[in-house]
Amino acid sequence: MKKIAVFPGSFDPITIGHADIVKRALPLFDEVIIAIGSNSQKQSLYSLEQRIKWIELVFKGEKKVKVESYGGLTVNFCEKKKANYLLRGIRSAADFEYEKTIAHLNHDMLPQLETILILSRLEYSSISSTIVREIIRGKGKVGKFVPKQIAKDFK
Ligand code: ADP
C-alpha cells in the first residue's frame with residue numbers, strides 16, 4: 001500500500017521550518033500532501049492562491065510532494081486522500097502538548113490514521129509563520145526565514 005502523509009497547516013507563509021520538516025519526511029513516505037486548511041479561527045495574511053504558489057515553487061521538481069487545500073476536519077481530508085499518516089512538526093513542549101491532544105482526537109475519529117511528529121531542527125525551532133508575519137507587518141526583512149526559492153518575493 002502506498003504510504004501517503006498529509007502535512008496540514010496554514011503555511012501563511014511557508015517558512016524554512018515547514019520546508020525542512022517536509023524534506024526530512026520524504027524518505028519515509030511515497031507521497032506527502034501539503035494541505036492548506038481553511039481554518040475558521042484564523043484570518044490569513046496571504047491568499048490561498050498565493051500560499052499554494054509559493055509551496056509549489058519551493059517543491060518544484062519533487063514528484064513526491066503535492067499541494068492541496070481543504071475545508072472541514074483534517075481527518076476527513078486524510079480519509080478522502082487515503083492517507084494513513086498525519087505529519088506535524090514540533091518546536092517546543094507547548095507544540096507537543098497541543099499535538100498530543102489533536103493526535104488523540106484524530107486517532108479516535110480515524111483509527112488507521114497515525115500521527116508522525118518530527119522534531120524541529122535546533123536552528124529553526126523559533127521560526128513560525130506568526131513571527132514572520134509580525135516582521136512583515138513591521139516592515140522588517142524576512143528573506144532568511146522563508147525558503148530561498150521564494151525569498152525574492154519578500155524583499
Ligand atoms: P497551524 O496553523 O496548524 O499551526 P502552521 O502552518 O503554523 O500550522 O504549521 C504547520 C505545521 O508545521 C505544524 O505542525 C507546526 O508545528 C509545524 N511547524 C511550523 N513551524 C515549524 C518550524 N520552525 N519547525 C518545525 N515545524 C514547524
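A pocket here is an open set of points, on a 1 Å grid over the protein atoms alone, where a 1.4 Å probe fits, with protein on both sides within 12 Å along at least five of seven lines. The model is predicted, and totals for linings use all residues, while local features need pLDDT of at least 70. Residues are numbered from 1 along each chain as its sequence is written.

**View 1. The largest pocket.** About 1300 Å³ of space lies in this pocket, a volume being the space filled by probe spheres set on the grid points. Its lining counts 48 residues, and Pro 8, Gly 9, Ser 10, Lys 42 and Arg 88 lie nearest the centre; a lining residue has an atom within 4 Å of a point.

**View 2. The lining of the largest pocket.** Helix 4 gives the most to this lining, with 9 residues. Helices (H or I, at least four residues) and strands (E, at least two) are DSSP runs, numbered from the N terminus. By type, the lining residues are 17 nonpolar, 21 polar and 10 charged, with Gly counted as polar.

View 3. An open sheet is formed by 5 strands with parallel pairing, in the order 3-2-1-4-5. At its edges are strand 3 (65–70) and strand 5 (114–119), each pairing on one side only. Two strands pair if DSSP finds at least two bridges between them.

**View 4. Strand 1 beside strand 4.** These two strands pair in the parallel sense over 2 bridges. Tyr 85 in strand 4 is the bridge partner of Ala 5.

Methods
Predicted model: local features only at pLDDT ≥ 70, side-chain atom pairs only at ≥ 80, totals over all residues. Heavy atoms only, no water.
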